[in-house]
Amino acid sequence: MLLGFIAGFLGSSLGWQINLLAIQRGVRRGKLAALLVGCGAVTADLIFFWFAFTGAKTLISHTEHWGWFRAAGIVLLLVLAARAYFVHGRPRPRTQKVIAGNPTRNFLVGFLVVIFNPAVFLMWLGILTFLIGHFPEARRPAFKWCFCGGFILGSLSWFGPLAFVLLAKIREWDEAHLHTLSRLLAAVLVAVAFLLVLEKI
């Protein structure tokens with residue numbers, strides 16, 4: 001479980017596009033929205049783990065369909081980048097009330113950004129292969145359940161403070177700083193989309 005916790009915490013803290021998305025949506029929609037973006041990303045990671053543990057060979061041998069997922073991911077990133085670039089500023093009470101009734105949208109943002117990126121699956125596949133090859137306990141049947149449980153705890157130990165502590169301080173920023181944050185998010189999303197275009201699978 002410790003290995004999963006470390007992987008969850010590091011994977012969540014180093015996922016810049018997800019963190020910036022969580023912050024940007026949290027600024028406009030509240031703490032729960034930021035947390036749900038992170039939870040969506042974690043759910044996508046867990047699906048990748050399931051494939052890596054149970055059927056990675058079959059999935060890797062049929063990469064001809066991955067191009068469609070990558071194309072969908074590129075479009076999604078560019079749409080989110082456009083929204084981040086043109087929609088910015090302090091949170092608005094009306095917007096918060098409307099989004100509070102539809103939390104699924106925030107969850108899907110985090111989920112879709114990760115699930116449509118084949119590079120994330122290959123990254124986790126490489127990490128799990130390394131762990132299984134270098135840690136004897138990783139070969140035990142119960143390892144995948146302990147790893148996934150630890151991963152969830154590790155991820156929440158990052159996204160929890162981000163949503164309920166860091167976000168509260170960021171929401172106090174002035175208009176210029178919030179505007180800069182949105183522009184930074186847009187640049188990061190465009191950069192990730194560009195890397196997906198260049199990526200060879």
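Q: Which helix is Ser-13 found in?
A: Ser-13 sits in helix 1, residues 2–13. Helices here are DSSP runs of H or I with at least four residues, strands are E runs of at least two, and both are numbered from the N terminus. The model is predicted, so local features need pLDDT of at least 70, side-chain atom pairs count only at pLDDT 80 or more, and totals for chains, interfaces and linings use all residues. Residues are numbered from 1 along each chain as its sequence is written, and side-chain values use heavy atoms, with hydrogens and water left out.

Q: Ser-13, buried or exposed?
A: Ser-13 is buried, at a relative accessible area of 14%. Buried is under 20%, exposed is over 50%, and partly exposed is in between, using a 1.4 Å probe and protein chains only.

Q: What does the Ser-13 side chain reach?
A: The backbone oxygen of Phe-9, at 2.9 Å.

Q: Leaving aside neighbours within four places in sequence, what is Ser-13 in contact with?
A: Asn-19 and Trp-158. Contact means heavy atoms within 4.5 Å.

Q: Back up to Met-1. Where is that found?
A: Met-1 is in the segment before helix 1. Met-1 is exposed, with a relative accessible area of 54%.

Q: What is Met-1 in contact with, beyond four places in sequence?
A: Cys-146, Gly-150 and Leu-153.

Q: Zooming out, how many helices and strands are in the chain?
A: The chain has 10 helices and 0 strands. From the N terminus on, the order reads α-α-α-α-α-α-α-α-α-α.

Q: How much of the chain is buried?
A: Buried residues make up 43% of the 201 residues.

Q: And what share of contacts join residues at least 24 apart?
A: Of the contacts between residues at least 6 apart in sequence, 90%.

Q: Now packing. At what angle do helix 3 and helix 9 pack?
A: About 160°, with axes 9 Å apart. Helix 3 covers residues 31–54 and helix 9 covers residues 143–170. Axes are lines fitted to C-alpha atoms, for helices over the stretch in contact, and angles run from 0 to 180 degrees between N-to-C directions.

Q: Parallel or antiparallel?
A: Helix 3 and helix 9 are therefore roughly antiparallel. The cut-offs are under 35 degrees for roughly parallel, over 145 for roughly antiparallel, 65 to 115 for roughly perpendicular, and oblique for the rest.

Q: Which residue classes make up the contact of helix 3 with helix 9?
A: 17 nonpolar, 4 polar and 3 charged. Ala, Val, Leu, Ile, Met, Phe, Trp, Tyr, Cys and Pro count as nonpolar, Asp, Glu, Lys and Arg as charged, and the others, Gly among them, as polar.

Q: What about helix 2 and helix 10, at what angle do they pack?
A: Helix 2 (residues 16–29) and helix 10 (residues 175–198) pack at about 145°, axes 10 Å apart.

Q: Which residues meet there?
A: In helix 2, they include Leu-20, Ile-23 and Val-27. In helix 10, Leu-181, Leu-185 and Val-188 are among them. By class, this contact of helix 2 with helix 10 has 11 nonpolar, 3 polar and no charged residues.

Q: Last one, Leu-76. Buried or exposed?
A: Buried, with a relative accessible area of 19%. Leu-76 is in helix 5, residues 66–86. Leaving aside neighbours within four places in sequence, Leu-76 is in contact with Leu-112, Val-113 and Phe-116.

Note on methods. Polar contact = N/O pair within 3.5 Å; in protein donor to acceptor, adjacent residues only side chain to side chain.
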